[in-house]
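Reader: Hey, I've just opened this one and I'm a bit lost. Could you walk me through it?

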Amino acid sequence: MRPDDLTSLRGLPLFAGMSEPHFDALFRAAYLQSFPTRVELFSEGDRADFLFVVVGGCVELYASWNGRETTMAIVAPYGTFILAAVVKDAVYLMAARTADKSRILMIPSEDVRRAFEQDDAFARAIVVELASCYRGVIKHQKELKLRSGVERLAAYLLRCRSEQGNAPCVSLPHDKRTLAALLGMTPENLSRAFATLRPYGVSVDGSSVTLSDLGGLMGLAKPTPLLDDASS
């Protein structure tokens, strides 16, 4: 593993407080591998053998049932995923595949649980990480239940604008099939939602979206930290 990768990983909230011996032991057992696009990392129902950290590229977490499939989340650097399954020594509730050419760090689950038992700072960081994930799930559920599809799309575009420096033109970070799944919509409903947002100053050109009536869009989405602030 390259020294700059270790430095970046050391700075993650999950690992930042660990003692040097425990950090060194944890990462001595880890594997850093490169994967091409759309490689399956694991399937639903598999035993959680590794904690994953995205070092480069991005990973799609998805689920399927009865012939249907949906995207659950997209993980970018330096995001971790499947932490709850690792801590509980349980099976994966989602499947994962690379959404782009990716570099993935894989830490054996047994080593994570050993460090959890031995390193108090790491244990506290895991609790905070899982609490943050739980709050994120609650916000997502609130959005699905309280906002219409058009309102969810409007709020998503406003979040993209904030993340991309408040520019009047935002770039969609995902293809429209994935975006529709993330917003709890079908691709057809997503297309109709974009059409509905035209009077609110939203125009689409491929993956580029221009927001020319910010006030109108905010009036529709009514953004609130209790739904839209990922950091709280």
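Predicted model: local features only at pLDDT ≥ 70, side-chain atom pairs only at ≥ 80, totals over all residues.

Reader: OK. What box do the C-alpha atoms fill?

Author: Roughly 60 × 35 × 30 Å, taken along the principal axes.

Reader: And how much of the chain is buried?

Author: Buried residues make up 40% of the 232. Buried means under 20% relative accessible area, exposed over 50%, and partly exposed in between, with a 1.4 Å probe and protein chains only.

Reader: Let's do sheets. Which strands make up the open one?

Author: Four strands, in the order E2-E7-E4-E5, with antiparallel pairing. Strands E2 (40-42) and E5 (68-75) are the edges, each pairing on one side only. Two strands count as paired if DSSP finds at least two bridges between them.

Reader: How many bridges join E2 to E7?

Author: Two, and E7 covers residues 95-98. Glu-40 has Arg-97 in E7 as its bridge partner.

Reader: What about E4 and E5?

Author: E4 and E5 pair over seven bridges, again antiparallel. Leu-61 stands opposite Ala-73 in E5. The two strands form a hairpin with two residues between them, and Asn-66 in the turn has a positive phi of about 55°.

Reader: Switching topic: how many residues are in the largest nonpolar core?

Author: It has 37, and those with the most contacts inside it are Phe-15, Leu-26, Phe-27, Phe-81, Ile-107 and Phe-122. A nonpolar core here is a set of buried Ala, Val, Leu, Ile, Met, Phe, Trp, Tyr and Cys residues joined through side-chain atoms within 4.5 Å. Elements giving two or more residues to this core include helix H2 (20-28), strand E3 (50-56) and helix H5 (120-146). The largest share, five residues, comes from E3.

Reader: What does Phe-122 touch?

Author: Leaving out residues up to four places away in sequence, Phe-122 touches Leu-14, Phe-15, Met-18, Leu-26, Val-112, Ala-115 and Phe-116. Contact means heavy atoms within 4.5 Å. Apart from that core lies another, of 23 residues, among them Leu-158, Met-185, Ala-193 and Leu-211.

Reader: Which residues of H8 are buried?

Author: In H8 (residues 187-196), they are Leu-190, Ala-193 and Phe-194. Seen down the axis of H8, these fall within an arc of 100°, so they line one face of the helix. The arc is that of the directions from the helix axis to the C-beta atoms. What covers them includes helix H6 (149-163) and strand E10 (202-205).

Reader: Last one: is Tyr-134 buried or exposed?

Author: Tyr-134 is exposed, with a relative accessible area of 56%. Its place is in helix H5.

Key: Residues numbered from 1 in each chain as written. Heavy atoms only, no water.
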